[in-house]
Amino acid sequence: MIPTIPTPVTVKDSIANPAPLGLCAFGMTTVLLNFKNAGFIEFNSMILAMGIFHGGLAQVIAGIIEAKKNNTFGLTAFTSYGFFWLSLVGLIVIPAFGWAPKPSEAGMSAYLGIWGLFTFLMFFGTLKLNRALQFVFGSLTILFVLLAVSDGTGNKGLGQIAGYEGIICGLSAIYTGIANLLNEVYGKTVLPIGSVS
């Protein structure tokens, strides 16, 4: 009997690209929070709701899908920043329920500083991806540093500058997410993201 050679099976990736969801969720929530930091709007439940549902849960979902696509960078970024938004809401809501005291300015500075360090380290991963993501992560690193220094020093003017910078960061994430989406839908470069060769 002649042994048969098995036919190789090709597995097609049929999972949708979660990056537009994650980037837009991050960007939209960042813009709204920084409208408040810049002094354009007051703090209210809209910011908390965006932090829980779009900035938080939507990004965590995007990160889980990135894991299914074997994208370690996307998994780490989206789930981390999704839980950043959820933890930020927790820092506001937990003291309101009386479960723990509100963090001090030094505590908030440490919280924002460690996120700045994480973002700076993640920035190095973008050097192999594209220019648009480099801008998102670079400007986000600056945002965290500005917010950490503002909280650590009590400099409200610096916090307002951080708000303007955060709006730019958030808009760049929205641009990158929509560019990914439109470029995929149209099968060509509609909005450039500056691919790295």
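Helix H1 is largely enclosed by the rest of the structure, because 15 of its 20 residues are buried, a term that denotes under 20% relative accessible area, with over 50% counted as exposed and the range in between as partly exposed (1.4 Å probe, protein chains only). The model is a predicted one, in which local features need pLDDT of at least 70, side-chain atom pairs count only at pLDDT 80 or more, and totals for chains, interfaces and linings use all residues. Residues are numbered from 1 along each chain as its sequence is written, and side-chain values use heavy atoms, with hydrogens and water left out.

The protein contains six helices and zero strands, where helices (H or I, at least four residues) and strands (E, at least two) are DSSP runs numbered from the N terminus. Its pattern along the sequence is α-α-α-α-α-α. The C-alpha trace spans about 80 × 40 × 30 Å along its principal axes, and 42% of the 197 residues count as buried. Of the contacts (heavy atoms within 4.5 Å) between residues at least 6 apart in sequence, 68% join residues at least 24 apart.

The length of H1 agrees with expectation, because its 20 residues should span 28 Å at 1.5 Å a residue and its end C-alpha atoms are 27 Å apart; the expected span is 1.5 Å times one less than the number of residues.

Two packed helices are described by the angle between their axes and the distance between the axes. Here, axes are lines fitted to C-alpha atoms, for helices over the stretch in contact, and angles run from 0 to 180 degrees between N-to-C directions. H1 (residues 19–38) packs against H3 (residues 72–96) at an angle of about 30°, the axes being 11 Å apart. H1 and H3 are therefore roughly parallel to each other; angles under 35 degrees receive that description, those over 145 are roughly antiparallel, those from 65 to 115 roughly perpendicular, and the rest oblique. The crossing of H1 past H3 is left-handed, meaning that the near helix is turned anticlockwise from the far one by less than a right angle, whereas clockwise would be right-handed. On the H1 side the contact includes Leu 23, Phe 26 and Leu 33, which with others meet Phe 78, Tyr 81, Trp 85 and Leu 88 in H3. The residues of this contact comprise eight nonpolar, three polar and no charged; Ala, Val, Leu, Ile, Met, Phe, Trp, Tyr, Cys and Pro count as nonpolar, Asp, Glu, Lys and Arg as charged, and the others, Gly among them, as polar.

Beyond the end of H1 comes Gly 39, with a positive phi near 95°. Gly 39 is placed in the loop between H1 and H2 and is exposed, with a relative accessible area of 57%. The C-alpha atoms of Gly 39 and Leu 75 are 33 Å apart, and the two residues are 36 apart in sequence. Asn 70 counts as exposed, at 69% relative accessibility.

Among the residues in contact are Trp 115, Phe 120 and Phe 123 of H4 and Phe 137, Phe 144 and Leu 147 of H5. The contact of H4 with H5 divides into 12 nonpolar, nine polar and two charged residues.
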